[in-house]
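Let's take a walk through this model, stopping at one residue and then at one pair of helices. Have the structure open as you read.

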Amino acid sequence: MLGQMMHRPLLISSLLTHAERHHGEQEVVSRRVEGDTHRYTYRDMAARARQMADALAARGLGFGDRVATLAWNGYRHMELYYAVSGSGAVLHTINPRLHPDQVAWIANHAEDQILFFDLTFLPIIEQIARQALTVRAFVAMTDRENMPNAPHIPKLLCYEDLIAEGSDAFDWPEFDENTAAALCYTSGTTGNPKGVLYSHRSSILHSYAAALPDAMNCSACDTILPVVPMFHVNAWGLPYVACMVGAKLVFPGPWLDGKSLHELLEAERVTLSAGVPTVWQGLLAHVEATGSRFSSMSRTVIGGSACAPAMIKAFQDRYGVSVLHAWGMTEMSPLGTVCALKPVHKELHDTARLALQAKQGRVVFGIDMKIVDEDGQALPHDGKSSGELMVRGPWITSGYFKGEGGDVLVDGWFPTGDISTIDADGFMQITDRNKDVIKSGGEWIGSIELENIAMSHPDIELAACVAARHPKWDERPLLIVVKKTGAELTEAELLDHFRGKVARWWTPDGVIFVDKIPLGATGKVQKNKLREAFGNHLISHKAG
Ligand code: ADP
């Protein structure tokens, strides 16, 4: 017997319609590339998104066509999130930090029809304009007054002119909720980038889950500032969640340095923000140097790479900001787990609670996860056994765009490429990425734990631990670190800091002090580059 409930499709346009009707006066504030701050309401945003959808339809944008963006977090980008997906076309957010050749490759692979860009990225457009073969129009996301003089870019349009061509009387079409809504390419550290194609249904279900109290805990009382870019896994779904719950939204535009972020957080009384650890490092350094405080921010979601306990402690103990450590990936829309404590954990003493918060946390409802050994056998959830993390759920990809990479699922599970443990309470902890694991004498050493210990030293700003070749043990851990400005610290002192914190044989074999650690397009440490640079260090310098 079937249930008798209505078949109303879960569509992204309904989020905006809801925000307009029930939170119409709620503000959306954006720092703009043009240099000023723009403010309007969800009511204004909804009207302009409909206008843009109408204008795009008039210019022949069809169902399923891909529309690319190269843009910061801002209101125009937000309008496109809704105008494009709401029309039944596919929003393809491109990471502007990629090499222009890669941007062109991705645009061609996705067969993008229109490419919207913030003025910051004009140089990229100038480079790729003739390489991006399917693009019919490039749209500068600005008004006529600020239009660049770029005669060599063919088919260049102005955003505000284009939107003016449409009418806000446009009605959002209704279609199957499984229709593709957005496309995001993984950063492609190995091989060419691969596209992950989200549907309306998956994005809405992901939003429900992300907004839950033990996930990002979002409500109409919140002011949310997504630092995580809208070009990186849909800013972890926050542009959808904010409309779903009616939260005020604040967009930082291109200004992601500690000072600018702190000013904006304070000026707009932001309660919740979200970003990767490397960005928060800049923010913490700024507040520390200036003796500032956070007067409204009560919590921050940190994910994308492991958040060191030292950072969690600084936010919580020094500044009264709770840290929500989260894990996910592009293939998962991205949210998989959030480290929300259970009542019993609130009684824990500081050190034990911090150790728990360093874990990536519990699954949000909708996600199922398990860890398996090399033969694919499920391992116990005892907090000790570690194996590859496998996931399944309605917002996890079943394969890549255009079938790249072939069948990716193993018995219906998506292999994440992360190595982790899961404890009896369901808290998952990533010990490494498969490709970053250090294998010493046949045993695994978790690089994240070693990095966390290094970063708990007060003189260390950033630490990365990689496998270096070793004549006897095959591989041994090597630490690459950046010291805080003015700090004086020797290799022996840093290695001494590991004493008693890990088994002796886990202690790194060496330390290399550098001025800078290379970060990839999504703010993560590029361990492959470090391995290339220092992989033979122990052979050439130590083991002889
Ligand atoms: P890419 O795979 O292209 O680097 P993603 O943003 O999809 O881009 O990265 C997902 C990966 O990032 C995860 O598989 C995991 O290795 C890592 N990651 C994400 N969040 C965390 C976290 N909180 N702790 C440790 N690793 C994380």
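A residue is called buried when its relative accessible area is under 20%, exposed when over 50%, and partly exposed in between (1.4 Å probe, protein chains only). With 9% relative accessibility, asparagine 95 counts as buried. Keep in mind that this is a predicted model, where local features need pLDDT of at least 70, side-chain atom pairs count only at pLDDT 80 or more, and totals for chains, interfaces and linings use all residues. Residues are numbered from 1 along each chain as its sequence is written, and side-chain values use heavy atoms, with hydrogens and water left out.

So where does asparagine 95 sit? You'll find asparagine 95 in the loop between strand S4 (90–93) and helix H4 (100–110); helices (H or I, at least four residues) and strands (E, at least two) are DSSP runs, numbered from the N terminus. Leaving aside residues up to four places away in sequence, asparagine 95 touches Leu70, Val103, Phe231, Ala521 and Thr522, a contact being heavy atoms within 4.5 Å. Alanine 521 is 426 residues away along the chain, yet its C-alpha is 7.2 Å from that of asparagine 95. A polar atom of the asparagine 95 side chain lies 3.2 Å from the backbone oxygen of alanine 521. That side chain also reaches the backbone nitrogen of arginine 97, at 2.9 Å.

Now for the helices. H11 (residues 277–290) and H12 (residues 309–319) have axes that come within 11 Å and cross at roughly 40 degrees; axes are lines fitted to C-alpha atoms over the stretch in contact, with angles from 0 to 180 degrees between N-to-C directions. From H11, residues including Trp280, Leu284 and Val287 meet H12 residues, among them Met311 and Phe315.

Note on methods. A polar contact is a pair of N or O atoms within 3.5 Å; within protein, one must be able to donate a hydrogen and the other to accept it, and residues adjacent in sequence count only if both atoms are side-chain atoms.
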